[in-house]
Amino acid sequence: MTTPDITPTSATGPLLEVTDLSVSFTAHKQTAKVVDQVSFSVQPGKTLGIVGESGSGKTVSSLALVGLLPRTANITGSARFAGQELVGMTTRQQRQIRGNDISVIFQEPMTSLDPVFTVGNQLTGAHRNHQGGSKKDALDRAEEMLRLVGIPEPRKRLAEYPHAFSGGMRQRVMIALALINSPRLLIADEPTTALDVTIQSQILELLQELQQAMGMAILFVTHDLGVVASVCDDVSVMYAGQVVEQAGIDEFFAHPRHPYSEGLLRSMPHSVPKGERLRMIPGTVPLPSRFPTSCRFAGRCPYAQEACTADPIPLEQLDDGRVVRCVRHRELVMEARS
Amino acid sequence: MLTFILRRVLALIPLLFIVSVIVYGLILIVPGDPAITLAGGEEATNERIEEVQKELGLDRPFLVRYGEWVGNAAQLDFGRSLYSDLPITEEIAERFPKTLQIAGGALAFGLLVGIPLGIISGIRPRSVSDRAVVFITSAAIAIPTFWLALILILQLAVYRNILPSRGFVPFSESPAQWFEHMILPWITLGTLTAATIARQLRGALSDTMGSDHIRTSRSVGLPPVKVVGKHALKNSSAPVLTVVGLQIAYLLGGTVVVEQIFGIAGLGSYVLTAINRKDFPAMQGAVMFIALITVVVNLIVDISYALLNPKVRVE
């Protein structure tokens, strides 16, 4: 990389710009490329949704950014965060960014907090790890965070252990833990998947409120398009380790351009009239070792032709700024509703 | 917390009762009659044997004898030795400190060696260092105590005159010599403890390292020292504590062999001598005492669980 960095660091440039990020794992002398040349960017203060089924590589791509993958992962490509290259950073540098500039919240609120330390201990530990300062200051900050995420009697609850909190409350604590150092980017890896529907919407609302109050950007990893519709500004659809479509949220829901996006949208319960059978995408995501070299979705695609199974399909940048990986996107007219 | 401790202490009473029945009942199973031995062995006349039996109170019914014994034992009075005629409690009090020093030192050795080995292998399962630790601990578990003792004595005391091969020097007399004399007993007895602790910690730690909350600790940017030393170790401590509790019982029992090999007059050799002489009161008193110590140690382990795991406290 000898070319000078000319990316403007002003507010107009993206906060995170991922280019050709690939992740492969080697086990028993077999290499599986789980994430293949993925590119996306997140604007400051905005929310990008990464959508896909289980096995699409969405979680792996996001955790690769902050070095939370197993050490067997081989990561290539580029991920520039506020002018800093994340790929190839030393673990020490990664630790300085993690929990400080980039934080993560996870899918499993029941098991993501340490059961043998009080909530206050974990919150102050995260704060003092990056900010230093006295225990007293850290406790004040922890209390402030618990209040911010809507936990009643925060001072008292700091002294309690995670088992004294319900699932939704634990996810609130997790959010407090992630945001205690005011990060600029929050990676939310299916943060509501394990929660009741009513709690889900509370957590989503909370995240949006906090985003407005603290101004951080969110990388929202989910398989739930309903969640995407309510919180995201842009969406990036992943299938079998590749990005297949990228669009603004309104255009995406109005006119998906990739058959996989259409399939996802149509499998949402309210996309079909009451009484009719739900549409579903037949089959499952292939294993990374069985990814085809041509279109990876062709085997499950209702529009597949011979051309789809011949060569690798390039990711095409369209005039309206959208991005699609499909040879037939010009001729196909797709609707979110059937 | 206080009611928790109180409940555990109360639960000890039936346990100790059962132990006392077994310990006292052992006389019924053990072949040979101390009265015959005391009356002169094979040459003893029947009249002489009956006389001795009366003297010892052995002609009375078993339950009466047991009742009397257990009543006294509850006040830590185990009666008098058939041979020395000294109060058994006094004899135990004189010998137990030596046993405690051997067992305590061996436990310290086990912890000092076992915990680092467990950490090395547990944080990176299937790595080269992990495999090495698994190999070493497997070997350590397979080695018989007496054989290890003999090899150590041969190598370190006989061939190279580095350490004394047997004997005991009180700490108050000469701390340096005390230490010299204790090293081999400690290593002999503590090797199995170290290996057991290392393996238990390895298993617990490798499970913990893969858990969600460790990923969380890493995600907030904590350094490995904190992630492993604070979060992973505390979460992995319960199974280790369990084996430590079990090991203490093993260590107290293991001193029987070690004291014999290294010629230390502790409680272990006391029990052995008592058995050989069919000195039943001494044997019963010493075994009951060891059982009491074991039970108390396990009580302490139980209480430590509660300190380490907030969930236990709630129940």
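By pLDDT I mean the predictor's confidence in each residue, on a scale from 0 to 100, and two residues are in contact if their C-beta atoms, placed from the backbone, lie within 7 Å. Chain A as a whole averages a pLDDT of 90, with 96% of the residues scoring at least 70.

Some housekeeping. This is a predicted model, and local features need pLDDT of at least 70, side-chain atom pairs count only at pLDDT 80 or more, while totals for chains, interfaces and linings use all residues. Residues are numbered from 1 along each chain as its sequence is written, and chains are lettered from A and ligands numbered from 1 in the order in which they are written.

Now the overall layout of chain A. There are two domains, domain 1 (16-239) and domain 2 (256-338); those bounds come from an automatic or database domain assignment. Their C-alpha centres lie 29 Å apart. Where they touch, domain 1 of chain A puts in twelve residues and domain 2 of chain A eleven. On the domain 1 side, strand S2 (30-42), helix H8 (225-231) and strand S9 (234-239) of chain A each supply at least two residues. S2(A) has the largest share of that side, four residues. Sorted by class, the domain 1 side that touches domain 2 has six nonpolar, four polar and two charged residues. For those classes, Ala, Val, Leu, Ile, Met, Phe, Trp, Tyr, Cys and Pro count as nonpolar, Asp, Glu, Lys and Arg as charged, and the others, Gly among them, as polar. And the helices (H or I, at least four residues) and strands (E, at least two) are DSSP runs, numbered from the N terminus.

On to the sheet. Which strands does it hold, and in what order? In chain A, eight strands make an open sheet, running S6-S7-S8-S3-S9-S10-S12-S11, with mixed pairing. At the edges sit strand S6 (102-105) and strand S11 (316-317) of chain A, each pairing on one side only. Two strands pair here if DSSP finds at least two bridges between them. As a reminder, strands of a sheet pair through backbone hydrogen bonds, either parallel or antiparallel.

Let's walk along part of that sheet. S9(A) and S10(A) are antiparallel, with six bridges, and A:Tyr239 stands opposite A:Gln242 in S10(A). The two strands form a hairpin with two residues between them. One residue to look for in the turn is A:Ala240, whose phi is positive, about 45°, although it is not a glycine. Is A:Ala240 buried or exposed? It counts as buried, with 25 C-beta neighbours inside 10 Å. The cut-offs: a residue is buried if 20 or more other C-beta atoms lie within 10 Å of its own, exposed if 12 or fewer, and partly exposed in between, with C-beta atoms placed from the backbone.

S10(A) itself covers residues 242-248, and six of its seven residues are buried, so the strand is largely enclosed by the rest of the structure. S10(A) also pairs with S12(A), antiparallel again, over two bridges, and A:Gln246 stands opposite A:Val323 in S12(A). Next, S12(A) (residues 323-324) pairs with S11(A) in the antiparallel sense over two bridges. There, A:Glu316 faces A:Val324.

A:His28, though, is exposed, with 4 other C-beta atoms within 10 Å.

Helix H1 (residues 58-65) of chain A is another one to find: eight of its eight residues are buried, so the helix is largely enclosed by the rest of the structure. Those buried residues include A:Val60, A:Leu63 and A:Leu65. After H1(A) comes A:Gly67, with a positive phi near 70°.

Last stop, chain B. How many residues of chain A are in contact with chain B? There are 21, meeting 19 residues of chain B. Helix H2 (91-97) and helix H3 (119-131) of chain A are the elements that give two or more residues to chain A's side. H3(A) gives the most, four residues. By class, that side has eight nonpolar, nine polar and four charged residues.
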